[in-house]
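Hello,

Here is the structure I promised to pass on.

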Amino acid sequence: MVGTGINRRVVVNTIDDIDIETVGQPEPAAGEARVRTTVVGICGSDLHAACGRHPFIDLPYRPGHEAVGVVDAVGPGVDESWLGRRVTIEPNLACGQCTQCRAGRYNICRELLVFGCQTAGALADSFTIAEDRLVALDDGLDDRHAILIEPLATPVHTVRRAAEVVGDLAGRPVVVIGAGPIGLFTLLAARHAGARVVVADLLESKRARAERLGAVGTFDPTAPDAVETALGLLGGPAAVVIDCVSRESSVAQAVDLVDKGGAVMIVGVAEGATPVPLGLIQDRELALIGNLMYVREDFLAAIDLLASGAVPVDEIISAEFGFEDAAAAFTASADAENVKVLVTVGSSA
């Protein structure tokens with residue numbers, strides 16, 4: 001439903017053509033709330049989509065799945081106590097009826113859509129979303145912490161699932177391939193689980209950041225002795241390798257690094273078909289496991305992790321832009337030296 005007010009909204013046509021369109025202010029339908037946006041995070045998937053490289057996001061699209069805001073209207077049937085509440089959103093939009101949804105794995109719903117990817121998102125003055133996608137925020141968690149909940153939830157989900165396969169990670173060796181935003185969050189989540197983590201990345205500056213965040217060591221995955229270096233840092237094969245890059249070379253290296261009976265967790269979004277060393281996966285009884293988003297359990301665990309102070313926000317948030325400069329925010333996200341780029345839309349006051 002659309003009201004008579006004015007709503008600015010970012011539309012991404014290509015990475016070089018990002019505009020602000022004006023549409024009617026959305027009015028919440030039954031079961032929905034309207035959220036006035038305060039801050040939005042730019043995700044790696046946003047950048048891939050803008051460059052036309054995301055396999056599940058078509059251009060043009062209207063981004064914003066990492067969002068914090070304030071509920072300013074509710075539709076019929078929605079608890080009015082939401083009004084005025086600071087919230088973040090869980091953007092996975094599931095059918096609630098399929099086999100996966102009934103099993104509680106709605107992150108892999110057969111009909112899954114992601115708010116701000118396949119639907120118009122939160123990079124706007126305001127947006128509407130179903131009540132059950134709202135997550136209330138405690139006043140002790142400011143916007144700069146709260147905006148990290150959503151991107152942290154996927155690594156929390158991945159680390160939890162890895163532990164279900166190989167057992168408790170406390171004291172166990174883990175490799176994270178890629179030190180971008182998701183890789184760094186994965187490092188933090190694995191460390192929180194007690195793992196000893198080694199991180200791979202091409203850039204020395206990103207490897208240095210990973211070490212500041214607690215990696216016991218880092219290595220260049222393209223070096224001729226990369227595997228030997230990593231095994232030396234770990235003291236042997238890894239119990240788990242978490243691939244946040246998901247290219248043929250990174251998967252092959254993950255298989256070289258993981259112990260027999262271990263798990264290779266795929267987090268990065270592959271661009272098309274990706275060959276894997278299937279013979280070694282079979283011979284070593286390796287688990288090769290895909291990971292998509294999260295469920296509420298992981299989302300709440302991410303909130304707890306942020307509230308604990310284990311995430312140094314100043315190391316993660318590297319650039320901030322106003323709403324009118326959203327195009328510049330996307331450009332900044334393409335800079336490998338940036339970690340998390342934010343767009344401030346309005347005030348939470």
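Below is what I found, grouped by region.

This is a predicted model, in which local features need pLDDT of at least 70 and side-chain atom pairs count only at pLDDT 80 or more, while totals for chains, interfaces and linings use all residues. Residues are numbered from 1 along each chain as its sequence is written, and side-chain values use heavy atoms, with hydrogens and water left out.

Let me start with the annotation. An unreviewed UniProt entry lists residues 30-138 as "domain: Alcohol dehydrogenase-like N-terminal"; such positions follow the numbering used here, feature names are shortened, and annotations may be inferred rather than shown by experiment. The span is 10% helix and 33% strand, and its end C-alpha atoms lie 26 Å apart. Helices (H or I, at least four residues) and strands (E, at least two) are DSSP runs, numbered from the N terminus.

Aspartate 46 sits in helix 1 (residues 44-50). Aspartate 46 is buried but has no salt bridge, and the nearest side chain of opposite charge, lysine 340, is 6.8 Å away. Here buried means under 20% relative accessible area, exposed over 50% and partly exposed in between (1.4 Å probe, protein chains only). A salt bridge needs a side-chain nitrogen of Lys or Arg within 4 Å of a carboxyl oxygen of Asp or Glu; for charge, Lys and Arg count as positive and Asp and Glu as negative, with His and the chain ends not counted. Leaving aside residues up to four places away in sequence, aspartate 46 touches Gly41, Tyr61, Pro63, His65 and Phe330 (contact means heavy atoms within 4.5 Å).

Now the backbone. Most residues other than glycine have a negative phi, and most peptide bonds are trans. Leucine 59 and proline 60 are joined by a cis peptide bond, with omega about -5 degrees; proline 60 lies in the loop between helix 1 and strand 4 (66-74). Serine 246, not a glycine, has a positive phi of about 60 degrees. Its place is the loop between strand 13 (238-243) and helix 8 (248-257), and serine 246 counts as buried because its relative accessible area is 3%. Methionine 293 also has a positive phi, about 55 degrees, and is found in the loop between strand 15 (287-290) and helix 10 (296-307). With a relative accessible area of 11%, methionine 293 is buried.

Finally, leucine 278, in helix 9 (residues 278-283), has 58% relative accessibility and therefore counts as exposed.

Best wishes
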